[in-house]
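Here are my notes for anyone opening this structure for the first time. Keep the viewer at hand and go through the points in order.

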Amino acid sequence: GNGGLLETWGLDFCADFTPQAPYLVKNDTLLVQPGGLRLVENETLLSEDEDNTAGELTYTVVDPPQHGTLVWFNNDLPAGGTFRQTSINAGNVWYVHNGDGSEYDDFSFVVEDGTGGWISITQFNIKMDADAPIATEDIALDQQIRVFPNPTSGLVTLEMPASLNEAMQVQVYNLQGQALQLREAPSGQERLELDLSNFPNGLYFLTITAGKETITKKVTLQR
C-alpha cells in the first residue's frame with residue numbers, strides 16, 4: 001500500500017527494575033604473624049548484592065600491599081589484579097607478609113557487580129601480630145610454595161612462607177623418572193635455589209615433601 005508518516009512514537013517498559021549496588025558487610029583488620037601468611041576469609045572481607053551472586057562480585061586491586069603480597073591461588077595480585085567473592089569464600093585468597101619488621105600493611109580495592117553497580121575505592125587493613133593464628137594448615141602445600149621463573153634458563157627459586165613449620169625435601173626428576181638432584185631446606189627457610197643448568201632443555205618434575213604431604217610441580221628448562 002501507500003507509505004505513511006510517523007508523527008509520534010514512544011517506548012513502553014514492561015518492568016520497573018533498578019539495579020542495586022553491592023555493599024560491604026565485613027571489612028575487618030586481618031591479623032597476620034610477622035613473616036607469615038593468613039587467609040582473607042569472608043569473616044574479614046565480605047561483599048553482598050541484592051541482585052547478584054558472590055560469583056558476580058569482582059574485586060579489583062587498586063593499590064597492592066607494600067610489605068607483603070596478596071595472592072589468589074598461585075598468582076600474585078598486583079594493581080589491576082582481580083578476584084571474586086567466591087574465591088574469598090572458598091579460601092583461595094591470602095596475604096603473605098615479607099617479614100621486613102613492618103607492623104601494618106593494607107591494600108585498596110573496588111568491587112563491581114557486572115550490572116553497573118560498584119563499591120568505590122576501599123582500604124583493607126592488615127596488622128602484624130605475633131599472637132595471630134597460623135593459617136598454613138588451612139592452605140594446601142601446593143598453594144603455599146611458589147616456583148619461579150618458569151620457564152627457566154637454569155636457576156629455579158622455590159619460595160615458601162617462614163611459618164611453614166616443616167623441613168622440606170625437593171627431588172628433581174626428568175621425564176624418564178630418573179632422580180637428578182636432591183635438596184633440603186630446614187623449617188623456617190623461606191627460599192631454596194635449584195640449579196638445572198647442567199641438564200638438557202625439557203620438562204622436569206620437582207617432588208616436594210614437607211611433613212606428611214608431597215606435591216609435584218613442573219618446570220620447563222629452556223635456553
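**Notes on a predicted model**

1. Let's start with a charged contact. Glutamate 159 and arginine 191 form a salt bridge, with their closest N and O atoms 2.9 Å apart. Glutamate 159 belongs to strand E13 and arginine 191 to strand E16 (residues 191-195), so this contact ties together parts that are 32 residues apart in sequence. Do keep in mind that you are looking at a predicted model.

2. Glutamate 159 has another partner. Its side chain also meets that of arginine 146 in a salt bridge, at 2.5 Å from N to O. Here arginine 146 sits in strand E12 (residues 146-148) and glutamate 159 in strand E13 (residues 155-159), so the pair joins parts 13 residues apart in sequence.

3. Asp76, Arg146, Glu159 and Arg191 are linked in a network of salt bridges. As a reminder, side chains of opposite charge can pair when their charged atoms come close.

4. How many salt bridges are there? The count comes to five.

5. Five strands make up an open sheet, running in the order E2-E11-E10-E5-E8, with mixed pairing. Strand E2 (30-32) and strand E8 (82-84) are the edges; each has a single partner strand, so one side of each has no neighbour in the sheet. On average, neighbouring strands of this sheet are turned by 35 degrees against each other, ignoring direction.

6. Take a look inside that sheet at strand E5 (residues 58-63), which pairs with E10 in the antiparallel sense over five bridges. If you want a landmark, threonine 60 stands opposite valine 110 in E10.

7. Next, the rings. The structure has five aromatic pairs. In one of them, tyrosine 59 and phenylalanine 83 are stacked, 4.9 Å from centre to centre with 5 degrees between the planes. Tyrosine 59 is in strand E5 and phenylalanine 83 in strand E8, 24 residues apart, and the pair links these distant parts of the chain. Tyrosine 59 is buried at 0% relative accessible area, and phenylalanine 83 is buried at 3%.

8. Phenylalanine 107 and phenylalanine 109 give you a tilted pair, because their planes stand at 50 degrees, with ring centres 6.2 Å apart. Both of these residues are buried. Ring pairs also join Tyr59, Phe83, Phe107, Phe109 and Phe124 into a cluster.

9. Finally, a word on confidence. The protein chain has a mean pLDDT of 87, and 88% of its residues reach 70 or more. Which elements have the lowest and the highest mean pLDDT? Helix H2 (residues 141-144) is the lowest at 75, while strand E10 (residues 104-112) is the highest at 98.

Definitions and conventions:
Residues numbered from 1 in each chain as written. Predicted model: local features only at pLDDT ≥ 70, side-chain atom pairs only at ≥ 80, totals over all residues. Heavy atoms only, no water. Salt bridge = Lys/Arg side-chain N within 4 Å of Asp/Glu carboxyl O. Helix = DSSP H or I, 4+ residues; strand = E, 2+ residues; numbered from the N terminus. pLDDT = per-residue confidence, 0-100. Pairing = 2+ DSSP bridges. Axes fitted to C-alpha atoms, helices over the stretch in contact; angles between N-to-C directions. Phe/Tyr/Trp six-rings, centres within 6.5 Å; stacked < 30°, edge-to-face > 60°. Buried < 20%, exposed > 50% of the residue type's maximum accessible area, 1.4 Å probe, protein only.
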